[in-house]
Amino acid sequence: MTEQATRKPFLYVVVCAAGIAADVGELITAAQERGWEVGVIATPVAMNGFFDTAAVEARTGRRIRSAWRTPGEPRPFPAPDAVVVAPATFNTVNKWAAGIADTLALGTLCEAAGLGVPIAVLPCVADALASHPAYRDSHERLRGMGVRFAEPYAREPGEDGGRPEFGWRRALDLVERR
């Protein structure tokens with residue numbers, strides 16, 4: 001058998017700077033339980049304390065990527081079989097839809113979409129920002145490119161005072177749907 005035939009599918013998890021990012025380990029564990037190998041790419045701001053980078057690296061067995069590699073440096077991850085953006089912020093969604101690739105995370109998303117790689121997005125955007133015309137247009141543009149969105153998560157407490165759960169596993173359902 002070839003290496004390609006025996007390797008596990010590879011999932012890129014793109015992490016943006018939102019408070020819920022602290023729980024990204026839930027997504028990684030769920031993906032590994034479903035047979036995925038995982039590599040994490042984080043926005044530069046997300047690397048500044050939004051999640052436990054050491055725990056994520058221990059869980060994936062790989063360094064988190066946040067910066068471009070230098071010419072001649074080997075690719076640290078294999079090509080993705082799917083990508084999950086979780087949590088996806090207002091800024092990331094809008095820049096990505098506009099084709100702005102000023103960070104590794106955005107460049108990766110632009111490229112993956114262009115290659116037709118399945119992409120799922122778990123937005124974490126306040127209701128006021130989600131109603132902004134630019135965000136609505138970006139959402140529509142990305143959907144038109146085949147990007148799959150879960151329901152938005154605004155972190156607003158419900159009537160009982162509790163916060164809804166973030167749909168980490170839902171992202172896997174979206175990329176595994178064929």
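Predicted model: local features only at pLDDT ≥ 70, side-chain atom pairs only at ≥ 80, totals over all residues.
Here is a short walk through a helix pair, a loop residue and some cysteines. Residues are numbered from 1 along each chain as its sequence is written, and side-chain values use heavy atoms, leaving out hydrogens and water.

Let's start with helix 2 (residues 24-33) and helix 3 (residues 53-60), whose axes come within 10 Å and cross at roughly 5°. That angle makes the two helices roughly parallel (under 35 degrees). On the helix 2 side, V24, G25, E26, I28, T29 and Q32 meet V56, R59 and T60 of helix 3, where contact means heavy atoms within 4.5 Å. Sorted by type, the residues of this contact give 3 nonpolar, 4 polar and 2 charged.

Next, look at the loop between helix 4 (90-97) and helix 5 (104-115), where T103 sits. T103 counts as buried, at 16% relative accessibility (buried means under 20% relative accessible area, exposed over 50%, partly exposed in between, with a 1.4 Å probe and protein chains only). Leaving aside residues up to four places away in sequence, T103 touches P44 and W68.

Now for the cysteines. The structure holds 0 disulfides, a disulfide being a pair of cysteine sulfur atoms within 2.5 Å. For C16, the nearest cysteine sulfur belongs to C124, 9.6 Å away. C16 is buried, with a relative accessible area of 0%. C110 is in no disulfide either, and the nearest cysteine sulfur, that of C16, is 12 Å away. At 23% relative accessibility, C110 counts as partly exposed.

Conventions
Axes fitted to C-alpha atoms, helices over the stretch in contact; angles between N-to-C directions. Helix = DSSP H or I, 4+ residues; strand = E, 2+ residues; numbered from the N terminus. Parallel < 35°, antiparallel > 145°, perpendicular 65-115°, else oblique. Nonpolar A, V, L, I, M, F, W, Y, C, P; charged D, E, K, R; others polar.
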